[in-house]
Amino acid sequence: MTKTISSNIGYPRIGEKREWKRALEKFWNGDSSEEELLAETTKLRLNDLKKQQDLGVDLIPVGDFSLYDHVLDTSVMFGVIPERYGYEGGKVDLSTYFAIARGEKEAVASEMTKWFNTNYHYIVPELNNAKPTVTENRPLAFYQEAKEKLGIEGKPVVLGPVTFIKLAKSSESLASLLEQFTPLYVQIVKELAEAGAQYLQIDEPIFTTELSKEEIQAVEKAYAEISSAAPGLKIILQTYFEKVVNYKEIAALPVYGLGLDFVHGDSLELIK
């Protein structure tokens, strides 16, 4: 008999009564400290995890929460900080994080643009002159938090390298940039596997757009390296917003599962 496993791909961060938005605005207005902001958003995040746990969700996403934007979170995780912010390496502080999103007196904010076909806007990464490195393993931190505080064996979520690069500003090719970012994803998956994580969701909605033959070859090379770095980790490659364009090649990538959108695009026909 086949057992069905429920896997949530993400949970709204805003809160049932817009607690997330209110906490941010209170902090930006100077009415709360950084410690109070982090305490409030941690409480909100854990409450949302507990709701999913109580409902019996098998694979609960961790790391899908963001203080502002998940693409910006990925930039920060890899130290991709524009030079105008004076970043000198190491973990990115909260003032720099929000400065990139909202601007400051000495530096304008990074560009915002629409996230695929939604009304959500993300902070566009700026990769020119970037020297990417892992400043913190964000998925690992959220995985450990859920396990230690709630006993949840969560499913870490991370934005995939192909989507991150394709949505960024850069004069380099996808293949060239994947050479720089793939080792960072390898480090992340190795550390997750060593910590006991069983699943990892890598979001690649860019696969619902057409990639060239050269780009597909670069993608195949990158995912071969990422998957082989932690063979025991079950990687779910998650797509959404449309059907996968280069379906034959994407479905052949060495991952445990492929998430498809059955609301937008005729994914059922692809499977058939």
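This is a predicted model: local features need pLDDT of at least 70, side-chain atom pairs count only at pLDDT 80 or more; totals for chains, interfaces and linings use all residues.
Local features require pLDDT of at least 70 and side-chain atom pairs pLDDT 80 or more, whereas totals for chains, interfaces and linings use all residues. Residues are numbered from 1 along each chain as its sequence is written, and side-chain values use heavy atoms, without hydrogens and water.

**View A. Packing of helix 3 against helix 4.** Helix 3 (residues 70-77) and helix 4 (residues 94-102) pack at about 130°, their axes 11 Å apart. L72, D73 and V76 of helix 3 meet Y97, I100 and A101 of helix 4 (contact: heavy atoms within 4.5 Å).

**View B. Salt bridge between D73 and R138.** The closest N and O atoms of D73 and R138 are 3.1 Å apart (salt bridge: a side-chain nitrogen of Lys or Arg within 4 Å of a carboxyl oxygen of Asp or Glu). The pair joins helix 3 to helix 5 (residues 138-150), across 65 residues. Both D73 and R138 are buried (under 20% relative accessible area, with exposed over 50% and partly exposed in between; 1.4 Å probe, protein chains only).

View C. K51 pairs with D48 at 3.2 Å between the closest N and O atoms. Both residues lie in helix 2 (residues 34-54), three residues apart. K51 is partly exposed at 25% relative accessibility, while D48 is buried at 5%. E16 joins D48 and K51 in a network of salt bridges.

**View D. Salt bridge between E126 and R84.** The closest N and O atoms of E126 and R84 are 2.9 Å apart. R84 is partly exposed, at 33% relative accessibility.

Note on methods:
Axes are lines fitted to C-alpha atoms, for helices over the stretch in contact, and angles run from 0 to 180 degrees between N-to-C directions. Helices (H or I, at least four residues) and strands (E, at least two) are DSSP runs, numbered from the N terminus.
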